[in-house]
Amino acid sequence: MSNVVVVGAQWGDEGKGRIVDWLAEKADIVARYNGGHNAGHTLVVNGQTYKLALLPSGIVRGKLALIGNGVAVDPEALLAEIDRMSALGVRITPDVLQIAETATLVLPIHRAIDAAQERLRAKPLGTTLRGIGPAYEDKVGRRGLRICDLAEPELLAQKLDVLLEHHNAWFRGLGLEPFEREPLLNALLDLAPRILPFMGRVWEQLDAAHASGKRTVFEGSQAVMLDVDWGSYPYVTSSSTVAAGAASGTGIAPSRLGQVLGVSKVYATRVGEGPFTSEVDGTLGDVLRQRGGEYGVNTGRPRRCGWLDTVQLRQSCKVAGIDLLALTKLDVLDGFDSIYVCVAYELDGRRIDYMPSTYAEQQRLKPVLERFDGWEGSTRGIRSYDALPAQAVALIEAIQRETGVTVSMVTTGPERDEAIVLQSPFGETDHVAR
């Protein structure tokens, strides 16, 4: 199969962007299928750092980048990101970037709603306050604005009236200032000439690409444990993050998705609130955070850190349909005397091998940890599996055994070529470095 779907297998921030960038070398198209500019994908190429949010990671390689209908697009944020990438020498024109006509728009009112909702919650969810959730709510509520509406000023104004009528009633009920129509409408009309040249029929382009034998990488944002159905609800995102979301979020048939590559760190992190059974506090958590650079790409928020949870990872692989695993940041564990992996949970005195669905039970979980020997020296930049310390190999093989999924790739640094490839998701052997 010529296509690959890239899925975050934890709580996000696994390093999906650099994996997509690596895959894009042998692909023709990179298609983003969910989320919005609450995502943050970092690429390091020859010492230059590229921080992406809405733009598919393959665009740095000059590949055709598609933003699917499942993505929530903030037009202001998108144009600002295009300008930032252009300043770094990345050429972005309609020839290399296309946005689905039916992608949902994120508006300033959505950001205001997001902030107000967080203030009203007794226990905030820890959203990025980018307005992504409220935009998806409008999409499901059938009052959202879409990219194609920018081409029809009269219809755009009518749809904006419906949206404002709904939300302003809520603002007034809370004693907050309602949004005025004209500033919003004028801002959208001003942005339209810069956005509309990028509008296209993404589903049609993907269908044509498949028919001609071209390769597509489907890039997901966030991760399985943040999926609106399969994540640690309600501390989740508002879109489908599993492999099935690549089909519904771009318009390609599920049978054409190809291999599903899950991405996981060799330890675990999480941003914001929500259960995190294998979390570690104190000095050890600080060490992981500092060595791994565990701060949000777009928000700068420090990430919570802990040991790898293979119960969670195994469950993610099952519900997301993950065929292969890419393990990232092995070099962050260099020099640890002991490394631990959560291999089971204890719930009210019982040992279990799954993540319960209720938040109350998730809060009562205790990790069952298995110890592994650490290793001396540095794994940074190692590109051969045989060159890894025996203890690192033992850890990788244990992860493979616990999850039941083949490890196809291990990264040993932030640069795009600092990786060991054991099995190409495209089914090739020319990348293999073992």
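This report walks through some aromatic rings, a pair of helices and one tyrosine in a predicted model.

## Before we start

Because the model is predicted, local features need pLDDT of at least 70 and side-chain atom pairs count only at pLDDT 80 or more, while totals for chains, interfaces and linings use all residues. Residues are numbered from 1 along each chain as its sequence is written, and side-chain values use heavy atoms, with hydrogens and water left out.

## Rings that pair up

A pair of aromatic rings is described by the distance of the centres and the angle of the planes. Rings of Phe, Tyr and Trp (its six-membered ring) pair if their centres lie within 6.5 Å; planes under 30 degrees apart are stacked, over 60 edge-to-face, and the rest tilted. Searching the whole structure gives six aromatic pairs. One of them joins F171 and F179, a tilted pair with 5.6 Å from centre to centre and 40° between the planes.

F179, with a relative accessible area of 24%, is partly exposed.

W307 and F336 form an edge-to-face pair, because their planes stand at 75°, with the ring centres 6.3 Å apart. This pair links distant parts of the chain, 29 residues apart: W307 is in strand β13 (residues 304-309), and F336 is in the loop between β14 (324-328) and β15 (338-347). Strands (E, at least two residues) and helices (H or I, at least four) are DSSP runs, numbered from the N terminus. Both W307 and F336 are buried.

## Two helices side by side

Helix α3 (residues 108-120) and helix α5 (residues 153-173) have axes that come within 12 Å and cross at roughly 30°. Axes here are lines fitted to C-alpha atoms, for helices over the stretch in contact, with angles from 0 to 180 degrees between N-to-C directions. The two helices are therefore roughly parallel (angles under 35 degrees; over 145 is roughly antiparallel, 65 to 115 roughly perpendicular, and the rest oblique).

Residues of α3, including I109, A112 and L120, meet residues of α5, among them L163, W170 and F171; contact means heavy atoms within 4.5 Å. W170 and F171 also turn up in a cluster with F179, linked by ring pairs.

## A tyrosine in a loop

Y295 lies in the loop between α9 (282-292) and β13. With a relative accessible area of 32%, Y295 is partly exposed. Not counting residues up to four places away in sequence, Y295 touches R289, Q290, G300, R301, P302 and R303.

How values were computed. Buried < 20%, exposed > 50% of the residue type's maximum accessible area, 1.4 Å probe, protein only.
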